Structure formats: C-alpha cells, structure tokens
Amino acid sequence: MALSKRVNPEHLIRTSLDKKPNYHGLTKTNINELHHTYGSRYGTNPVPKYKIASKGLDAAATYQIIHDELALGQQTPDSRLSLTHQFHSDGSPTLNLASFVHTWMPPEADKLFHENISKNLIDSDEYPATQALHTRCISILADLWHAPSAKNAIGTATTGSSEAIQLGGLAMKKIWQAKRKAAGKSIHEPGPNIVMGANAQVALEKFARYFEVECRLVPVSVESHYRLDASKVMEYVDENTIGVYVILGTQAYVGFQATPSGFNQYIVCWSLLLAYHVLKSMSSGHKFGLAYVGVGWVIWRDKAHLPKDLIFELHYLGSIEYSFSLNFSRPAAPIIAQYFNLIHLGFEGYRAVALDDLRNARLLSRALEASKYYTVLSDIHRKDTGSETLKNGSEDDPELYHAGLPVVSFRFSDEFKEKHPEIQQRWIQTLLRTKGW
C-alpha cells in the first residue's frame, strides 16, 4: 500500500493545532467559518478603517468590499480636502486625463503581466530569462536613441522617469565631485548647481532638494513658447554646474549632461536625435512607451559616464550581481510589458500610434480655438514656418508643425474672460469631473 494512503495528513494537521476546531463530520469543514461572499461577520458589522481588525474575513468577502468601495466611493468628512475629494469614488483610468501613465494594453500583454506579477527583477540568478529581456530593452532603446554603440550603452529599468531623473542627477553630481577633488577644489563651497527651465516637472526639482544641489531655473515666457529658452541657458551655467536638464516636450526629459521621456519624439521626428553631447537619457516607459505603470528607463551612452561608486556588488542572491538603482526589489512584470510592446509594435507600430496621437491633439487644439472660449498655449497644431517640407508636405506630415508631445494646454481666452469675469477656470475641471473625466 502506498504511504499516502496510510497517512492522513488532514488528520495530522487537525490534531496538531493548538485548539481543535469543530469540523462537520460529513463535509469536513469548520462549522465556525462561513465562506459566502457577504456571509461573514462583516456582512452587518463595519470594517475598521484606521486600525487592523482582530479577526480577518475570507478572501471573497474582502475582495467584494474593496471592489465596491473603489467603485461606489464613500464620504470622507475631512475639511482639509476639497468637496470633490470628500465625496467621490475612483474614476475610470480610461477617462483620466491626468493619469501620467498608460492605461491599456492588449489582452495578451495582460496575460503576460499577470503570469509574471510575482517576479522580482533584482533576483537575476533566479530569473535569468527576465533579466535577459531587461537587457534587451536597454539595447533597443540605446539603439533607438542613437547611442554611439548600443552594445556599449549601459542602463537600468526604474520605477518611472522620476527615479531615472534621480539616478541621472546623482551620476552628474558624482562626476562633478570627482573633477573638483582631482583639481584640489572644495565640493562644498560653493556647492553644485543644476540648470533647468521653470517649466520643469516636479521630479527634477525633487532631485535638487533631496540631494542638496542648487536649482537654477531659467524663466519661460510667451516668447520662449513656455519652454526652456536656449539663448538664456548659459547665463545660469558656471564651473559648478553639474548639468542641464532639458525637457523634451515639457513633460518628458533629455539633456547635455542631462536627460528623458523620448519615446514619442524620437520615433516621430528623426530630426530630434540623441546628439553625442547628450550623455544620458531618461524616459517613462509607462507613458509613451505604452506599458502599464511602474517602468521607466535611464541609459548612459557608455560606462565612462556612470560613476563606479553608484554601482553596488551584491553577493547574497545566489550569484554576484550588480545594482545601480535606488530601489532594491522591483516588479519584473512592467519590464516584460515594455518588452512586449517593443516586439509587438516595432518601430512602425510606435510611429503609427504617435502620429495618431498628434492628429487627435491637433484636432482638439483647433476645435478649442474655434470655440472662441479658449486660447491654446501649446504649439503642436501650428505650422513651423521654417520647415523645409512646408510647401510640398502633406497636411498630415508632423514635420510641418512645431515639434512637441501630443499634449494640449489651454486657458480661457481674453475675450471670454472679459465677457464673463465671474466664471472661474477651475469650474471646467469640476464639470468634467461630473462627467467621469
């Protein structure tokens, strides 16, 4: 007789418990437990919000309660919050115009994502195939961004472009410190500074504050089209400037010693190349990389521009591994989702998506201006008079227009404000919110 038929593991476990439960003789289930979705004690009793309950409830009921709360919302009587935030449920990611991340992928990508949701990217000894996909992504992006040699480029996935910015900034600071020390100069008086436009995304200013670097903001204006004014940059640069953060499209990042989210513009406008004086580039894979939230990229053109003291050698994961990210553990699923897109879409697929985005942005811009209610601040729908293809190009050719991301920025027109001074611009946001946007 097989050992498994002579040993009853269920009986051994039950008799070994600290307190023997009352099991039903026929069904062999604990008569003190209910497993119906709303059959647990929380069917009538409130769920504690700000402290852990002494006893839990079954997974099905837990799911249903959280699912319903996210879908239906509840009152949060907090005077510190706006009325909108006190009384609302979560919105739909599809309607979230301020999501900052991509919100849809094909079902096949969803399947891959869930199959790999428990993998930790840092453990390359345990997940070598996943690490190989990570390395391929870096090489693909380095080639796309015209690094002198995609094989020599070095980089890493990050949680998003914010972490990538911190890493890129740290590398610049370390290089500056090494040069100062080699010249026998102080690294404290005066300290380092970094230059960026006043239109900088908050992550760039975070780097300056968190890592004690003076932030020098170059003013933006109507004349500079609300972008970094290249003619004024050098007024803010001196021997202690570690680099210049240059934002591609105002919500994306590239630079001298600097940085960014270049998926879109590198694919649409080949006139915007990763020039040789750009030493590193940071990008959001979960924006124009079209992957789910949780992936960004920082890539150096070669190892010479990644200081060695930012690289840690790890010996406790089964093999010698190297890490130069701020986070240790990192979910592998978003990186796999990014690789899926690179393979699935290819260059032409990404280009088609980007061109469609630009068409929609141009259409929205023109419609807003035609209403006479709004003035559009972004320029992507305006033709570039200096374009060589202006005379012979198709109206659909992106080279005809000012380069930029498919993002539309607008405000009330002066004419509208003069006629209706009582209407506040923020009311538009509230009205859109009532529609689910």
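Which hand, left-handed or right-handed, does the crossing of helix 5 and helix 10 have? The crossing of helix 5 and helix 10 is right-handed, a crossing being left-handed if the near helix is turned anticlockwise from the far one by less than a right angle, and right-handed if clockwise. The model is predicted, with local features needing pLDDT of at least 70 and side-chain atom pairs counting only at pLDDT 80 or more, whereas totals for chains, interfaces and linings use all residues. Residues are numbered from 1 along each chain as its sequence is written, and side-chain values use heavy atoms, with hydrogens and water left out.

**View 1. Packing of helix 5 against helix 10.** The axes of helix 5 (residues 107-115) and helix 10 come within 9 Å and cross at roughly 150°; axes are lines fitted to C-alpha atoms, for helices over the stretch in contact, and angles run from 0 to 180 degrees between N-to-C directions. Helix 5 and helix 10 are therefore roughly antiparallel (under 35 degrees counts as roughly parallel, over 145 as roughly antiparallel, 65 to 115 as roughly perpendicular and the rest as oblique). Helices (H or I, at least four residues) and strands (E, at least two) are DSSP runs, numbered from the N terminus. Glu108, Ala109, Leu112 and Phe113 of helix 5 meet Ala333, Pro334, Ile336, Ala337 and Phe340 of helix 10, where contact means heavy atoms within 4.5 Å.

**View 2. Packing of helix 6 against helix 10.** Here the axes of helix 6 and helix 10 (residues 333-370) come within 9 Å and cross at roughly 50°, so the two helices are oblique to each other. Their crossing is left-handed. From helix 6, Thr130, Leu133, His134, Arg136, Cys137, Ile140 and Leu144 meet Ile335, Ile336, Gln338, Tyr339, Leu342 and Phe347 in helix 10.

**View 3. Packing of helix 7 against helix 8.** Helix 7 (residues 161-182) and helix 8 (residues 202-210) pack at about 40°, with axes 9 Å apart. The crossing of helix 7 and helix 8 is right-handed. Ser162, Ile165, Gln166, Gly169 and Leu170 of helix 7 make the contact with Ala203, Leu204, Lys206 and Phe207 of helix 8.

**View 4. The second largest pocket.** This pocket holds about 570 Å³ of space (on a 1 Å grid over the protein atoms alone, where a 1.4 Å probe fits, a pocket is an open set with protein on both sides within 12 Å along at least five of seven lines, and lining residues have an atom within 4 Å of a point; a volume is the space filled by probe spheres set on the points). Among the 24 lining residues, Gln131, His134, Gly155, Tyr322 and Phe324 are the closest to the pocket centre. Helix 6 gives the most to the lining, with 5 residues.
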